[in-house]
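Thank you all for coming; I would like to take a few minutes to walk through one model with you.

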Amino acid sequence: MQFLIKNIIREAISDVLEKMIDTPFEFEVKNAPPQFGDFASNVALVGSRFFKKSPRQLAEQIAGELCVNPIFDSVSIDGPGFLNFKVSNDVLLRVVRSILNGDYKVSRDENRSVKVQFEYGSANPTGPFTVGHGRQLVIGDVLSRVFKELGFSVIREMYINDAGRQIKLLGRSLWIRYNQQLGVEELQIPQDGYHGEYLVEIAGRLIDLHGERYKNKWDDKIERLFCNFAVENIMAGMRSDLEQLNCQFDVYFSEKSLISDGTVDGVLKELFNKGLTYEKDGAIWLRVSSFVDDADKVLIRSDGSYTYFLTDIAYHYNKYKRGFHRVYDIWGSDHHGHVSRMVAAMKALGIPDDFLNIILHQFVTLKREGETVKMSTRAGSFVPLKNLVQEVGPDAARYFFAMIDPNTHMVFDIDLAKKQSADNPVYYVQYAHARICSLFRQAKEKGLTFEIGKNLDLLQNPLEKRVMKRLDSFDDALNDVVRTLSPNKLCLYLEGLAYDFHSFYTKCLVINPSEPELSNARLSLARATEIVLSKGLSILGISAPERM
RNA sequence: GCGCCAGUAGCUCAAUGGAUAGAGCGUCGGACUUCGGAUCCGAUGGUUGCGGGUUCAAGUCCUGCCUGGCGCGCCA
């Protein structure tokens, strides 16, 4: 059951409008600035042109009808013609009741049949995750959880680029590390190879397993072995990073499998049959420019190998065939050049425009002791995700990555994330939860017998009402996340709820043995807050501690 | 040169085309002989990068600049 007060108000307004005019029009109901009331609507402002009346005149007419409705304590007109409402306590209490009863649900039945897929964290398995990947993983993970919460059927998927030339370079780099450790001095990793320390470690493991068997020996079979060994070991590290960050995937999708199962060839054939490919300079090209304002791109190189572009088209073709209604790809902003090409490819294959949705996120800058450290994978100056998560903890890492709009450049302040004080928003929200748990411990210790859900009508204080209104907006917050594809809306909401609760708590004594009825009511409000806080934190993948 | 993203308080960030642009931190000043002071209350702080335009209304939309990030490969 959903008791979104704004919906109740919207319906009340619509009922009035229906009697006045035939053509419905869009208007909004939102929280009002506190000096004006609880909720506000711009219905008279946007409606004035349909009625050929001034906004204020129309507002007065609508208000005249609405004020008899018992859900309102008052209806007033302010400013250019805003309708401002104070809602009755009874309406506010419905929210608390339904949360306490467990029938407050944000999921929508109509979402249940919508199959969506999130693809994120996709990386070459050629090195460990970086801090930049961390941002992407958390954005994807939280968005997936929010979509799931709203009832969508969601698959979380990581694409493993295990087929390209990068992998061959990786295998070769590993083989050279292996030989170096066995005393072969003259071999050096090529400039564009992989120089990271992690390959030295993996080479050591290879020696433990196979001894000197592959020293100075190199053929296709050995190459495959070294490639596979490197990929498997790096993937194992990535999986442990994911676990540490509390990220789970439903599917790990191998690029190689698209080649071996014929998907790539099938897509090539389809594009060829449609006349959308051509040969030039010994390579096969896709007519990207026929669909979008971008240059044509190579699908098959002159040496016969497949480009990343081609296999990615095949991957998305595969997604489409799997029956997803929408897919969301989350990429770093350095991939934005890939967007229009993929859009073109989808059009070329006749896949609907709304199928592929791409969420680009900007880069992360680390800040430590006031110094900013810019990171770039290509320049080799990256900080492994593992180190960051170990330093600040998974809760702070996740919260920080989630709390910034993906479109905004992000400064990750390591010192702030480690700080256990009010400066740190993750502790601020968690503290509200711990504080509520403490209330119930206290009540028990003091031998107070209380009954959740009883005497709710005693909740009359403005600070109590503010908490109730905020509880009602949880649904709004989650829908905002879906609408804007930014998890930070949920963080902002939880900070607001924590703030409202702390204010209430400071001003209103919750546990008071001399007023058991009022204690019943306030403990009930605290319980409802606890339920929403812990739900919100769990969607963020963050713990809701009972003590801190 | 072309394209994408951003530019809002000292700092980090909010704000469906709506009311006097808001929070937190910082700074200054207050609040526990009752439930966790990891909290609360108040003050301070703005020409929303700059100039035009669209309209009842622009931080938001259009346009021209400026600054920063990222791209512009038979890399991924």
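Domain bounds, as I use them here, come from an automatic or database domain assignment. For chain A that assignment gives domain 1 (5–87), domain 2 (165–244), domain 3 (365–418) and domain 4 (425–540), and the C-alpha centres of domain 1 and domain 2 lie 68 Å apart.

A word on sources: this is a predicted model, in which local features need pLDDT of at least 70 and side-chain atom pairs count only at pLDDT 80 or more, while totals for chains, interfaces and linings use all residues. Residues are numbered from 1 along each chain as its sequence is written, chains are lettered from A and ligands numbered from 1 in the order in which they are written, and side-chain values use heavy atoms, with hydrogens and water left out.

Let me turn to a pocket, meaning an open set of points on a 1 Å grid over the protein atoms alone, where a 1.4 Å probe fits, with protein on both sides within 12 Å along at least five of seven lines; lining residues have an atom within 4 Å of a point. The second largest pocket holds about 940 Å³, a volume being the space filled by probe spheres set on the points, which are joined across faces, edges and corners. Its lining comprises 31 residues, and Lys-6, Asn-31, Asp-38, Lys-469 and Ser-473 lie nearest the centre. Domain 1 and domain 4 each contribute at least three residues to this lining.

Next, the strands and helices, which are DSSP runs numbered from the N terminus (helices H or I, at least four residues; strands E, at least two). Strand β11 (residues 326–332) pairs with β12 (residues 356–361) in the parallel sense over 6 bridges, where pairing requires at least two DSSP bridges between the strands. Between these strands the chain passes through helix α12 (residues 337–348), and this β-α-β crossover is right-handed, that is, with the strands pointing away from the viewer, the path from the first strand over the helix to the second runs clockwise. Trp-331 has Leu-360 in β12 as its bridge partner.

Finally, two loops deserve a look. Asn-216, in the loop between α7 (198–210) and α8 (220–244), has a positive phi of about 60 degrees although it is not a glycine. Leu-485, in the loop between α18 and α19, likewise has a positive phi, near 55 degrees.
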